[in-house]
Amino acid sequence: MAAHRLDFGSGVHYSNFVIKIGQFPERYMAEKDKTGSRKTIAATSQMKTIMADYFASLDRAAKTGERKIAWCTSVGPAELLQSFGFLVYYPENHGALLGATRTATDCIPSANAIGYSPDICSYLTSDVGAYLKGFTPLAKAYGMESVPKADILVYNTNQCRDVQDWFAFYAREWSVPLVGVHTHRQIKEVRGHHVTDLVAQMKGMITTLEEVSGNRFDIDRLRESVRLSLECTKLWRKVLEYGAVKPAPLTFFDASIHMAPAVVLRGTPQAVDYYKVLSAEMDQRVKNGIAAVEGERHRIYWDGMPIWGKLRDLSELFVSLGTNIVASTYCNSWIFDAFDPAQPFESMARAYTELFIVRDESYKEAYMDRWIRDFSVDGVIYHDAKTCPNNSNSRYGMPQRMTERLGVPTLVLNGDLNDLRCYSEEQAKTNIEAFIEQLDQQKSAA
Ligand code: SF4
């Protein structure tokens, strides 16, 4: 392991101060035991059922060949694949599962051993490493022997280049077709030529998709899939917007789990039905004044990836601090306002280019400013994920500019989505507690 991967530095930047490790008083520790965990969401059991059904159908298709399987990146042209009758599998979801089950770190070295650097995406390295080891957490969760083998792999580079290299590994391994679209990146506004180019690229995939699926392209099936994705996205946005209510009825930790159907089942009626149930539950919570974090004192915006292996620990820490993470860039990534069944290709091209991760720094800052104001946010935490520069927005001075512009304190937390060797629990805890102490002081001074 490269030395820098264990160097967490001796302090943390926030609001132009540096807090040294060990300076923070321990008074919040006692509060943790009093406050317990965040409120459980009743709809969770329904989500577990639809996710189990989804994986069962993938497992069946992989074993019997009754349906063809397409692997797709999480913000890729899933609707196009569904229109050909493919069952769509998302390896990033598998990556998150490896992270959440804390098995990722053990798998990464196997990918490193065949030349995939420890510094590249730890979804990629943990997923490829798990494959090489013959391991999957899907076995324990859903009784699957392995990930479902792809008949075709379809990527979109809108989020990063790593996905192309990730899928290329499996294309070589299984000798199956690899196709993809290359999205313009770092853009301020989505312009006509961006859309036209992507439409041409997507249409260019049709012949291959027809050959692999054995089905002819059907525009009406595509329209239907886009229509269902639009419905799903509207409901998912509605769920996330409940975070603006004071006190908020859900947390970032809830949203990171409950976004799963928006990732893997958008374009299907199951996802639409599920988010109707979830949003009704949030509505009821608001009507009854139920807070996800009892005694909510501070409201945080989280930028960057979740630290999957530490979701529960971090959730409990924030609950103990009377603090709710009410909004995040990450969970907003599955809001695709542009979908339009009347213009399926154009609207898919637009929806998958409008994403935060695709945009330039000025767009990102304006976007976050809006959510910070609308959600009455007191402070912003930037997760600097060591292996995902694409979702780490603290590296070019954004936190400092934000504090200057809005007067909102910011904290940069070093860690990673999956590689827990890049994360120091003690340091993160100290930094978060110090940050909340600063918010306390600001509040009492106001
Ligand atoms: S965006 Fe980041 S986490 Fe997602 S696939 Fe790319 S490098 Fe990995």
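**Briefing on a predicted model**

Gln186 is exposed, having 9 other C-beta atoms within 10 Å, where 12 or fewer is the cut-off for exposed. This residue belongs to a predicted model, and its place is in the loop between strand E6 (178-181) and helix H9 (192-203). Although not a glycine, Gln186 has a positive phi of about 60°.

**Other backbone points**
- Most residues other than glycine have a negative phi, and most peptide bonds are trans.
- Ser376, not a glycine, has a positive phi of about 45°.
- Ser376 lies in the loop between helix H18 (361-374) and strand E9 (379-385) and counts as partly exposed, with 14 C-beta neighbours inside 10 Å.
- The peptide bond from Lys246 to Pro247 is cis, with omega near -5°; Pro247 sits in the loop between H11 and helix H12 (252-258).

**Overall fold**
- The protein chain contains 20 helices and ten strands.
- Its radius of gyration is 22 Å, which agrees with the value near 22 Å for a compact globule of 446 residues.
- The C-alpha trace spans about 65 × 50 × 45 Å along its principal axes.
- Buried residues account for 48% of the 446 residues.
- Of contacts between residues at least 6 apart in sequence, 77% join residues at least 24 apart.

**Nonpolar core**
- The largest nonpolar core has 127 residues, among which Ala70, Leu81, Tyr275 and Tyr301 touch the most other members.
- Helix H11 (residues 219-241) supplies the largest share of this core, nine residues.
- Domain 1 (47-218) and domain 2 (222-445) both contribute residues, so the core lies between them.
- Beyond its neighbours within four places in sequence, Tyr301 contacts residues including Ala327, Met368, Trp371 and Phe375.

Methods:
Residues are numbered from 1 along each chain as its sequence is written. This is a predicted model: local features need pLDDT of at least 70, side-chain atom pairs count only at pLDDT 80 or more; totals for chains, interfaces and linings use all residues. Helices (H or I, at least four residues) and strands (E, at least two) are DSSP runs, numbered from the N terminus. The radius of gyration is taken over C-alpha atoms; the globule rule is 2.2 Å times the number of residues to the power 0.38. A residue is buried if 20 or more other C-beta atoms lie within 10 Å of its own, exposed if 12 or fewer, and partly exposed in between; C-beta atoms are placed from the backbone. Two residues are in contact if their C-beta atoms, placed from the backbone, lie within 7 Å. A nonpolar core is a set of buried Ala, Val, Leu, Ile, Met, Phe, Trp, Tyr and Cys residues joined through C-beta atoms within 7 Å. Domain bounds come from an automatic or database domain assignment.
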